[in-house]
Amino acid sequence: MTTMNILYISLEGNTRSFINRLSRFAKQQNIINKNNPLIHAKEIEPQTLPASELAPFFVFVPTYLTGGNGIDSGFTEIMTNSLGEYIEEGNNAKYCIGVVGSGNRNFNEQYCLTARKYAKLFNAPFLDNYELRGTSRDVERIYGVLSREWTKREKD
């Protein structure tokens, strides 16, 4: 039995809700087929102490920005900095194997901008996205994306 690792931050509960539903879906899929990976999720909060990650992980990050339009006039990431700092600690970034973003599509070009920034900063692929708390379809789709990526890594 394999277990995928996820690091995430949840400021308003949306990401936590999504991760909880994703974890439950993973358990259901693992009951159907033991080759389907489970999920080990770790929430990073502002008070989380730095630690060394020793295994590959996916990152789930919502978007909270201020200033500029995020494209040609810049932006400042707010509120998710503790997750970025945690990943930057020691050698953690080398274990980041993919980023999933969330946000509000009403913000147009800024939608999932933080996740795209993390993907570039940590040299990891931007794997997928969902809006706000996501839907059941988002849970199923993203579980599939993560499972394929995880399985591919295990074979390498």
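Me: Which residues of helix 2 (residues 81–88) are buried?

Reply: Buried means under 20% relative accessible area, exposed means over 50%, and partly exposed lies in between, using a 1.4 Å probe and protein chains only. In helix 2 the buried residues are Ser82, Leu83, Gly84, Tyr86 and Ile87. This is a predicted model, in which local features need pLDDT of at least 70, side-chain atom pairs count only at pLDDT 80 or more, and totals for chains, interfaces and linings use all residues. Residues are numbered from 1 along each chain as its sequence is written, and side-chain values use heavy atoms, with hydrogens and water left out.

Me: How are helices and strands numbered, and what do the buried residues of helix 2 pack against?

Reply: Helices (H or I, at least four residues) and strands (E, at least two) are DSSP runs, numbered from the N terminus. Contact means heavy atoms within 4.5 Å. The buried residues of helix 2 pack against strand 1, strand 2, strand 3 and helix 3 (113–121). Just after helix 2, Gly90 has a positive phi of about 50°.

Me: What span is expected of a helix, and what does helix 1 reach?

Reply: The expected span is 1.5 Å times one less than the number of residues. Helix 1 has 19 residues and reaches 27 Å from its first C-alpha to its last, close to the 27 Å expected. Its buried residues include Phe18, Leu22, Phe25 and Gln29. An α-helix has 3.6 residues a turn, so residues three or four places apart point the same way. The partners of the buried residues of helix 1 are strand 1, strand 2, strand 3, strand 6 (96–103), strand 7 and helix 4 (136–155).

Me: When do two strands pair, and which way do strand 1 and strand 2 run?

Reply: Two strands pair if DSSP finds at least two bridges between them. Strand 1 and strand 2 (residues 38–43) run parallel, joined by 6 bridges; Leu7 has Lys42 in strand 2 as its bridge partner. Strand 1 is also parallel to strand 3 (residues 57–62), with 3 bridges, and Ile6 stands opposite Phe58 in strand 3. Strand 1 (residues 3–8) is mostly covered, with 5 of its 6 residues buried.

Me: What does right-handed mean for a crossover?

Reply: With the strands pointing away from the viewer, the path from the first strand over the helix to the second runs clockwise. Here strand 1, helix 1 and strand 2 make a right-handed β-α-β unit.

Me: What does Phe57 touch?

Reply: Phe57 is found in strand 3 and is buried, with a relative accessible area of 0%. Leaving out residues up to four places away in sequence, Phe57 touches Asn5, Leu7, Ile87, Asn92, Tyr95, Cys96, Ile97 and Gly98.

Me: When do aromatic rings pair, and how many aromatic pairs are there?

Reply: Rings of Phe, Tyr and Trp (its six-membered ring) pair if their centres lie within 6.5 Å; planes under 30 degrees apart count as stacked, over 60 as edge-to-face and the rest as tilted. By this rule there are 5 aromatic pairs. Phe18 and Tyr130 are stacked, at 3.8 Å centre to centre and 10° between the planes. Phe18 lies in helix 1 (residues 14–32) and Tyr130 in strand 7 (residues 126–131), so the pair ties together parts that are 112 residues apart in sequence. Tyr118 and Phe122 are edge-to-face, with 5.6 Å between centres and 85° between planes. Ring pairs also link Phe18, Phe60 and Tyr130 into a cluster.
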